[in-house]
Amino acid sequence: MIVTMSRRARFGDLMRRVKARLGLARPRGRDWHRRGVGGRWDVLGPLQFEFLKSQGLEPQHRLLDVGCGSLRGGVHAIGYLEPGHYFGIEKESSLLEAGRSVELPRYGIADREPRLHVTGTFDLSWVDTGVEFDFAIAQSVFTHLRPDLIRQCLRSVLPRLAREGVFYATFFEAEEEDVLGPDHGWREDELQHPVYTLRTLQGLAKEVGGTVEYIGAWGHPRDQRMLAIRRAPEVDHSP
Ligand SMILES: C[S@@+](CC[C@H](N)C(=O)[O-])C[C@H]1O[C@@H](n2cnc3c(N)ncnc32)[C@H](O)[C@@H]1O
């Protein structure tokens, strides 16, 4: 298994380690990393995995999990996909590290070579040239992002999709207009509960050469809606 980190993430990680060494870090308690991605571990993990399978995910496919947190959905996909076919990116190094060191052994899948990378900029330059994703998913991620970060995410992910690849992303739907609301609190560069119109998300995708299909309700307990985002066929996505 490979865990890599961007320079900014390495700095954040170093600061956390210094705080821990100085005794400034707050104790987190057992399985804090499950609560840290919103809890409902046994509901939201299987839900997203079964959704991907219902859309055609098969063991030979390659999956990119954007904002994979502590691998709530990842543990199911990693056990199902061929070794090395699961790719996870995550901004919070401590969540990803807990997923790697606690959840992978717990599920008996530590030998399945998931490719895990810490980045807050959706950087995919560490993924080997030529690797294309058949599926990508961002579950409960656009539900925390500002529009500029959603655009940045799409700009990074869409060119790495296979020609028939699909990026599934959940969002909180606004009927009339977007409401961004307050900052998240403990997670940097995130909002608590932004709501977006479908029109806004279609506009962001169009700006970076994507199309958006509205899937809508998919059984999420907080009624997050699902989108299927694809590369627009007429746009050249070559690097
Ligand atoms: C509610 S959690 C969901 C995690 C995971 N998708 C799941 O369903 O368990 C949202 C995750 O998105 C991550 N995230 C937010 N902004 C990000 C960014 N700019 N780049 C990468 N990950 C990000 C957060 O750190 C957090 O782990």
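What share of the contacts in the chain with a separation of 6 or more comes from residues 24 or more positions apart? And for my close look, which residues of helix α6 are buried, and which elements do they pack against?

Modeller: Before anything else, keep in mind that this is a predicted model. To your opening question: residues 24 or more positions apart make up 68% of the contacts with a separation of 6 or more. The chain has seven helices and eight strands, and 40% of its 239 residues are buried.

Now for your helix. α6 covers residues 147-157, and its buried residues are I150, C153, L154 and V157. They sit on the same side of α6, because they span an arc of only 95° around the axis. As for what this side meets, the buried residues of α6 pack against the strands β2 (63-66), β5 (133-138), β6 (161-171), β7 (210-217) and β8 (225-231), along with helix α7 (198-207).

Let's zoom in on L154. If you skip its neighbours within four places in sequence, L154 is in contact with L204, A205, V208, G210 and I229. L154 also turns up in the largest nonpolar core, a set of 47 residues.

β5 is mostly covered, with six of its six residues buried. On one hand, β5 runs parallel to β2, and three bridges join them; L63 stands opposite F135 of β5. On the other hand, β5 pairs with β6, again in the parallel sense, over five bridges. In that pairing, look for A138, which stands opposite A169 in β6.

One last stop, away from the helix: the ligand. It has 23 residues around it, and G67, G69, R72, K91 and S140 come nearest.

Note on methods
Residues numbered from 1 in each chain as written. Predicted model: local features only at pLDDT ≥ 70, side-chain atom pairs only at ≥ 80, totals over all residues. Near = placed C-beta within 6 Å. Buried ≥ 20, exposed ≤ 12 C-beta atoms within 10 Å, placed from the backbone. Helix = DSSP H or I, 4+ residues; strand = E, 2+ residues; numbered from the N terminus. Arc of directions from axis to C-beta. Contact = placed C-beta atoms within 7 Å. Core = buried A, V, L, I, M, F, W, Y, C linked by C-beta atoms within 7 Å. Pairing = 2+ DSSP bridges.
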